[in-house]
Amino acid sequence: MTEAKNPWWRSAVVYQIYPRSFHDSSGTGIGDLRGIINHLSYVKELGADAIWLSPFYPSPQVDAGYDVSDYTAVDPMFGTMDDFDLLLAEAKVHSLKVIVDLVPNHSSDQHPFFQAALKAGPGSPERAMYHFADGRGENGELPPSNWGSVFGGPSWTRVTEADGQPGQWYYHLFAREQPDFNWENPAVVDYFEDVLHFWLKRGVDGFRIDVSDALIKDTSWADTPDASPIIPKDEASGVHEIYRRFRKVLDQYDGDRMAVIETGAADDVVAQFLRPDEMHQAFNFRFLKTPWDAAQFSRAVAESLTAYESVSAPTTWVMDNHDSTRSVTRYGSAVSLIGDYVPDVSGLEALTAEQFALGTRRARAMALLLLALPGSAYIYSGQELGLPEVTDLPDEVLTDPTFFRTEGKQRGRDGCRVPMPWSGSEPPFGFSPPDASEKPWLPQPEQWRDLTVAAQTEDESSMLSWYRELLELRKREPVIGEGTLSWVTDPFAAEKHQRIHVRLTKEGHRPVEVILNFADTPVELPEGELLAASARLLPGPVADTHLLPGNTAAIVAV
Ligand code: GLC
């Protein structure tokens, strides 16, 4: 199918739903598909164009559903396939596109393919679906390489063969319950093409591709100095060929079906995955990981725009997701809390009232930049409520494999996954029905009574009202989110930066300027009509002029 000239995903605002934490319609303490259906109007009223659902497939839930045991079904914990079809139909009624998660790097160890591989033994086609290898040492008692797992500990686990003896090892980039597929085996590619067809036929609009760049491994399994795995990403590795195959599948369907990839690679490597015959867009993790600093943010914005433009792909803007310490907490405390992959939040303290106020003020300013810059923007549910990271979850409730695999040294990502507060003055804050038999799967802080959707809807100065205002403005003035960007401040200037200041233009629309003041001291605003400001402006030096205070952003039509 041919694509529209300006397909929806190029500037879509996508709202990420973490199904287990969004809304629990059945009282189990865990969110479900019906809960999502019941709150689609909330997402629509917020002003998003699409939803992305983190995995809802059958799974032993070792890694919160990113360990899939059946790629073409719904976990009963979340509902049924009928519920999913209803969700798609209802989303259509609300004009919301639906993106689902595809987890191709690894399956659950309970997936029938892996179970068959365990039974079939060395050298079998079943084992060739995954990465099995003989161990080193006299009796194969040492792992095939020194590579470590992203979640801590080794990335190889030894199996017991049918004769009851210790046998081969299998490779897992993440937890031992997440064996990696062997993507050099055409049977794996064929299988995932079928999975794509399955969901495309049902009517999904796109896929979010998990760990997209790690599919091909260096199977010489050579030891590395720092025990990290070797993941080839160049043309010769075959990984780009996989995405060309995926693209052909997507293009067989109408309606501009798309894929957004998860990769932590550098901008220029990511761009290679976004060439016109590969995938459509990638999460901009550089934006997410940049600490509160004008110079670093300027470079991140400028360099990502350049890299993506080089392959005619739109840039995305990402501030939060289910793997990262929540932005209010990051911007409100002095330290940068994002590790290389999984944030290390060990020792992270709850914010003081002052830090919470600062983090919130900065998150409001950053939301303006996120939604004003040209491209597509992602909002992780709860971000629009300004939820902080929950830092005091007791050990007993933690579920992240990182916590277990590092023996508690890293607390993991549960603190950004605490269920949404909808209404009321005490937990479960409308997350579960009043007669629920179970408590929410992670406890919500009492203080969230002030952050519920209901409380914030009443309050014009709330984070939720701010997101609604910004998204409404984005619709009203298409130069916002879609314009061509030019710099007023030099993003690469060597002198100390205080602000980001850009101009956006679009034929047939009035230009706007977007300014984010990272410092504590005010800066002058350009003359023009103020369209939005994340905090109250200060009086300027002469009558009718205004200054932009510190930690604040504004959009001015000029
Ligand atoms: C992705 C997911 C993360 C998961 C990991 C392993 O990074 O976002 O939540 O733990 O992949 O599947």
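**Figure 1. Salt bridges in the predicted model.** The structure, a predicted model, holds 34 salt bridges.

**Figure 2. Salt bridge between aspartate 101 and arginine 208.** The two side chains meet with an N to O distance of 2.9 Å. Because aspartate 101 belongs to strand S3 (residues 97-102) and arginine 208 to strand S7 (residues 206-209), the pair ties together parts that are 107 residues apart in sequence. Aspartate 101 is buried, at 1% relative accessibility. Arginine 208 is likewise buried, its relative accessible area being 1%.

**Figure 3. Salt bridge between arginine 127 and glutamate 161.** The closest N and O atoms of this pair are 2.8 Å apart. Arginine 127 is located in the loop between helix H5 (112-120) and strand S4 (132-133), and glutamate 161 in the loop between strand S5 (156-160) and strand S6 (166-171); the pair therefore ties together parts that are 34 residues apart in sequence. Arginine 127 is buried, with a relative accessible area of 3%, and glutamate 161 counts as buried at 14% relative accessibility.

**Figure 4. Salt bridge between arginine 476 and glutamate 472.** The side chains meet at 3.4 Å, N to O. Both residues lie in helix H15 (residues 463-476), where their spacing of four residues separates them by about one helical turn. Arginine 476 is partly exposed, with a relative accessible area of 49%; glutamate 472 is also partly exposed, with a value of 47%.

**Figure 5. A network of salt bridges.** The linked residues are Glu235, Glu241, Arg244, Arg275, Asp277 and Glu278.

Technical notes:
Residues numbered from 1 in each chain as written. Predicted model: local features only at pLDDT ≥ 70, side-chain atom pairs only at ≥ 80, totals over all residues. Heavy atoms only, no water. Salt bridge = Lys/Arg side-chain N within 4 Å of Asp/Glu carboxyl O. Helix = DSSP H or I, 4+ residues; strand = E, 2+ residues; numbered from the N terminus. Buried < 20%, exposed > 50% of the residue type's maximum accessible area, 1.4 Å probe, protein only.
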